[in-house]
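Subject: Structure for your files, with notes

Hello,

Here is the structure I said I would send. My notes on it follow below.

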Amino acid sequence: MAAAGCSSGDASASVTVPTPSPEAAAYCRALHKELPSAVAGQERSDPGSGSDLTAGWGDGKIVLRCGVPRPAKMDDAQSKAIDANGVNWMLEQQDDGRPRFTTTLRKAYVEVTLSAAYAHDASPLAAFAPAVRKTVPGSL
């Protein structure tokens, strides 16, 4: 019997595949093809879903989901955001200490969840910026 929560693939296996609009899904499929093979020293290891809407690096240390719903926190004027190489990301700190970033001002929302080890490191976001800028147009 396997011990629950012990394998390195557990984080990536539990990734929920978003259900975006057809327009957003098309942007996400294009993004999926442009994503880097390595991010912050972590090799690409996509979640078991095999979906073009999810991607991962480092067995769940870095997880990207494209086509997620607009986070309610974006309505909060006090929410924090950062710019990483021309892409604006809103920060949400999760209860487990993992930071979650979601793109703003784009026609599809791209969400990146990082392990706690990257809590103060925006380099993974910078690695995604060229692909996001190329494939997911701004909404302004």
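A residue is called buried at under 20% relative accessible area, exposed at over 50%, and partly exposed in between (1.4 Å probe, protein chains only). This is a predicted model, in which local features need pLDDT of at least 70 and side-chain atom pairs count only at pLDDT 80 or more, while totals for chains, interfaces and linings use all residues. Residues are numbered from 1 along each chain as its sequence is written, and side-chain values use heavy atoms, with hydrogens and water left out.

Overall

The protein chain has three helices and eight strands, where helices (H or I, at least four residues) and strands (E, at least two) are DSSP runs numbered from the N terminus. Their order from the N terminus is α-α-β-β-β-β-β-β-β-β-α. The C-alpha trace spans about 50 × 30 × 25 Å along its principal axes. The radius of gyration is 14 Å, which agrees with the value near 14 Å for a compact globule of 140 residues; it is taken over C-alpha atoms, and the globule rule is 2.2 Å times the number of residues to the power 0.38. Of the 140 residues, 43% are buried. Taking contacts (heavy atoms within 4.5 Å) between residues at least 6 apart in sequence, 52% join residues at least 24 apart.

The sheet

Six strands form an open sheet with antiparallel pairing, in the order S3-S4-S8-S7-S6-S5; two strands pair if DSSP finds at least two bridges between them. S3 and S5 (80-84) are at the edges with a single partner strand each, so one side of each has no neighbour in the sheet. From one strand to the next the twist averages 25 degrees.

S3 and S4 run antiparallel and are joined by four bridges, with Gly-56 opposite Val-63 in S4. The two strands form a hairpin with four residues between them, and Gly-58 in the turn has a positive phi of about 65 degrees. Thr-54 and Gly-56 point one way from S3, Ala-55 and Trp-57 point the other way, and all are buried.

S7 (residues 99-103) pairs with S8 in the antiparallel sense over three bridges, and Arg-100 stands opposite Thr-113 in S8.

Helices on the sheet

H2 lies across S3, S4 and S8 and runs at about 155 degrees to S4. H3 also packs on the sheet, where it touches S3, S4, S5, S6, S7 and S8, and its direction makes about 135 degrees with that of S6. For these angles, axes are lines fitted to C-alpha atoms, for helices over the stretch in contact, and angles run from 0 to 180 degrees between N-to-C directions.

The core

Nonpolar side chains tend to be buried together in soluble globular proteins. Here the largest nonpolar core has 27 residues, and Leu-31, Leu-64, Trp-89 and Phe-128 touch the most other members. A nonpolar core is a set of buried Ala, Val, Leu, Ile, Met, Phe, Trp, Tyr and Cys residues joined through side-chain atoms within 4.5 Å. The elements giving two or more residues to this core are H2 (22-34), S3 (54-57), S4 (62-68), S6 (87-93), S8 (109-114) and H3 (123-135). H3 gives the largest share, five residues. Not counting residues up to four places away in sequence, Leu-31 touches Leu-64, Cys-66, Val-110, Ala-131, Val-132, Thr-135 and Val-136.

Single residues

Thr-103 lies in S7 and is buried, because its relative accessible area is 0%. Its contacts, leaving aside neighbours within four places in sequence, are Met-74, Val-87, Asn-88, Trp-89, Ala-108, Tyr-109, Val-110 and Val-132.

Ser-37 lies in the loop between H2 and S1 (38-39) and counts as exposed at 53% relative accessibility. Apart from neighbours within four places in sequence, Ser-37 is in contact with Gln-42, Glu-43, Arg-44 and Trp-57. The C-alpha atoms of Ser-37 and Trp-57 are 8.2 Å apart, with the two residues 20 apart along the chain.

Most residues other than glycine have a negative phi. Asn-85, in the loop between S5 and S6, has a positive phi of about 55 degrees although it is not a glycine. Leu-105, in the loop between S7 and S8, also has a positive phi of about 55 degrees and is not a glycine. Asn-85 counts as partly exposed at 47% relative accessibility, and Leu-105 counts as partly exposed at 48%.

Regards
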